[in-house]
Amino acid sequence: MACPFAKHISSEQFQRQPSIAEAHNWNLDEDLSEIPGDALTLTHLNAAIQLLTAPSIDNVHEALMSLIGKYSNRWPGLSKLKSERSELSIYPHYDYLADIQDNLTQIDGNESAVSEILVLLGEELIQTACVGVIERAFKCLGSDLQEFLGSLDGVYDVLKLQEEDISDTGFVCAGEGELIFTSERPVLAWLLLGCLRALARLLFGCEPEIELEPLPGDTPRYRYLLRVDEPAGRALERRGPADAVSGDARDLKVSNQFFCDAFPWHFIMDEQLRLVQMGSAFSRLFKGHVGAAAGGPAGLLCASTVFRFKRPRGLQLHFREIVRRTNTPFMISLRAPPGRPDFFAKGLEIKGQMVFCPESNALLFVGSPFLDGLEGLTCNGLFISDIPLHDATREVILVGEQARAQDGLRRRMDKLKSSIEEANAAVIKERKKNVSLLQLIFPAEIAERLWLGAQIDAKTYPEVTMLFSDIVGFTSICSRATPFMVINMLENLYKHFDELCGFFDVYKVETIGDAYCVASGLHRASIYDAHKVAWMALRMIETCTLYNTHDGQHIKMRIGIHTGTVLAGVVGRKMPRYCLFGHNVTIANKFESGSEACKINISPTTREWLVKHPDYGFQLNARDASHMPKEFTDSKGLTCYFLEGYKHPTLSNDRPLQEHIEEAMRQTLQDTAETITLEVAQ
């Protein structure tokens with residue numbers, strides 16, 4: 001076996017060799033500036049290789065339009081292939097290439113012409129799509145055409161491994177200038193031929209002769225033979241001087257034992273795939289069972305007995321097939337050796353590379369254990385010392401353990417954070433419940449301040465419209481009914497009134513016995529406070545007709561409404577109440593006592609607010625001045641009124657009262673919103 005190391009190295013060989021960028025006149029700075037701030041990633045590499053194996057409709061369409069523009073004179077029928085890209089966008093899984101091939105066959109029945117057009121289409125595909133980051137991705141695959149072909153094999157297999165792709169599509173760099181492409185779509189084979197020509201021209205400045213021939217077999221495979229004419233001097237320079245390689249293996253002062261210790265995860269197979277040498281790590285795991293089974297040169301153990309070849313997928317365990325895949329990452333796993341069913345390292349995965357040794361016609365596998373942390377190391381009976389210092393697997397394991405510890409800490413912190421967030425959410429939920437409960441008793445602003453523990457000072461509110469009501473003959477009803485009947489009657493009636501308070505946005509002050517009191521202008525003041533209370537009074541009178549006393553009689557109420565200035569504040573520490581004080585509160589109560597059954601008695605001040613807006617059609621009936629309360633100091637020339645009903649101007653009079661009031665509320669909300677918008681704009 002010839003020594004792979006040079007016996008004598010001249011001083012010229014120590015001189016700096018030209019870089020890839022210099023050799024091919026590439027300006028990397030210009031390439032990077034084409035895509036500002038965009039670093040080359042595996043995603044870009046994947047997109048570049050997919051341009052060869054599965055080009056998108058957009059890329060194919062752009063290449064086709066360029067092809068038609070260049071070769072329509074040579075093949076006039078190409079103009080028939082023009083189509084709008086928008087017509088293709090609605091078919092995401094449309095096989096555009098197959099359709100192009102079918103149309104070309106119909107246009108020109110000559111099979112060789114169709115193939116030539118598809119090859120030219122491949123060249124146009126590279127010229128139109130291989131720009132910017134895609135071109136940079138292709139450039140990183142190799143410094144010459146042979147390295148580029150070999151990288152296509154290995155990189156595409158890694159990408160398929162990451163995406164768990166189980167398709168048969170793939171590349172195999174079978175030898176010097178030989179590439180095998182596997183695909184179920186024959187049109188891609190001709191397209192790839194043109195792509196390879198264009199890439200060789202673009203990346204390496206050469207014009208290779210490429211022959212395409214299909215290979216027999218169940219799976220469609222195609223062989224590409226590439227021949228590049230190069231000067232004899234460059235070929236000799238690449239081979240090196242004749243005396244640069246030793247002809248005697250003894251010149252390499254490396255013993256087999258030293259090699260096995262330096263590369264513990266290696267083995268060598270002969271042409272029959274028999275194991276002729278194993279690294280120290282493999283030897284320790286199998287503990288002589290492989291050697292015992294070998295029994296000397298005549299009984300060497302086959303590699304497939306103790307190793308299972310997991311990748312590349314579909315690999316045929318033949319020497320020549322493995323030689324063809326030397327540019328592809330290999331993944332093997334350990335089998336239990338003969339007579340060792342309890343083999344503890346069964347299933348251990350080793351990832352590495354196959355190297356063909358032409359001097360001995362043998363295959364050398366060099367790899368590293370594919371482990372997930374220290375647990376995977378120890379459960380397979382391995383130690384950190386089993387991983388050589390030069391092998392990055394050590395750092396991968398230790399960094400993985402550190403990342404796992406950080407992940408564990410992060411999970412605990414996330415769990416603690418989640419528990420804190422849940423507790424905080426529960427506190428917020430309970431707070432909302434408490435605030436909501438306070439808002440049922442107090443106005444929203446007062447409830448929030450009470451929750452925060454702020455002091456609530458009494459405040460004077462001008463132009464508050466108050467409604468007082470009671471049930472006519474309530475004392476007589478109570479004398480003829482049980483307490484449960486009375487409570488049930490009031491519960492049903494006042495429940496409906498509470499819903500009306502929410503609809504009209506008025507504040508319920510309190511209920512004392514049969515008295516029901518509301519006010520508007522406390523929690524939020526507007527020019528429609530009197531209107532809302534008046535509409536609610538009308539709905540209250542209407543609602544009374546829906547409920548009966550215990551003896552079947554309709555409930556009758558009398559209502560009084562008055563507008564004036566009041567003093568409001570929270571009274572009490574235990575069971576606090578939001579109370580209204582002032583002369584006008586007494587007057588409002590007097591207007592209720594001066595009303596009649598099923599009537600709404602309103603004061604002159606309330607009437608002034610109702611008639612300020614003539615668009616709102618309240619029906620008022622003046623009463624005799626003698627019905628005015630004596631406490632009303634401004635009663636000279638004034639009188640009170642009965643509110644008989646309401647009709648909205650935009651609705652017909654035969655519509656129900658509820659519809660008129662709902663339409664008025666909608667208009668009120670709209671006017672209020674427009675007013676707020678105008679104030680904000682100013």
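**View 1. Asn361 sits in the loop between β9 (349–357) and β10 (362–369).** Strands here are DSSP E runs of at least two residues and helices are H or I runs of at least four, numbered from the N terminus. This is a predicted model, in which local features need pLDDT of at least 70 and side-chain atom pairs count only at pLDDT 80 or more, while totals for chains, interfaces and linings use all residues. Residues are numbered from 1 along each chain as its sequence is written, and side-chain values use heavy atoms, leaving out hydrogens and water. Although Asn361 is not a glycine, its phi is positive, about 50°. Asn361 is partly exposed, with a relative accessible area of 23% (buried is under 20%, exposed over 50%, partly exposed in between, with a 1.4 Å probe and protein chains only).

**View 2. Asp505 occupies the loop between α21 (483–504) and β12 (507–512).** Here too we meet a positive phi in a residue other than glycine, near 60°. Asp505 counts as partly exposed, at 28% relative accessibility.

**View 3. Arg311 and Pro312 are joined by a cis peptide bond.** Its omega is about 5°. Look for Pro312 in the loop between β7 (307–311) and α16 (319–324). For context, most peptide bonds are trans.

**View 4. Four antiparallel strands make an open sheet in the order β1-β2-β4-β3.** Two strands pair if DSSP finds at least two bridges between them. β1 (170–175) and β3 (209–215) are the edge strands, each with a single partner, so one side of each has no neighbour in the sheet. From one strand to the next, the twist averages 25° (angles run from 0 to 180 degrees between N-to-C directions, with axes fitted to C-alpha atoms, for helices over the stretch in contact). Helix α10 (residues 186–204) packs on the sheet and touches β1, β2, β3 and β4 (221–227), contact meaning heavy atoms within 4.5 Å. The direction of α10 makes about 15° with that of β4.

**View 5. Helices α6 (residues 96–107) and α7 (residues 111–129) pack at about 145°.** Their axes are 10 Å apart. From α6, the contact uses Leu97, Gln101, Leu104 and Thr105; from α7 come Val114, Ile117, Leu118 and Leu121.

**View 6. Phe171 is among the residues touching the most other members of the largest nonpolar core, which has 63 residues.** Such a core is a set of buried Ala, Val, Leu, Ile, Met, Phe, Trp, Tyr and Cys residues joined through side-chain atoms within 4.5 Å. Helix α10 gives the most to this core, 13 residues.
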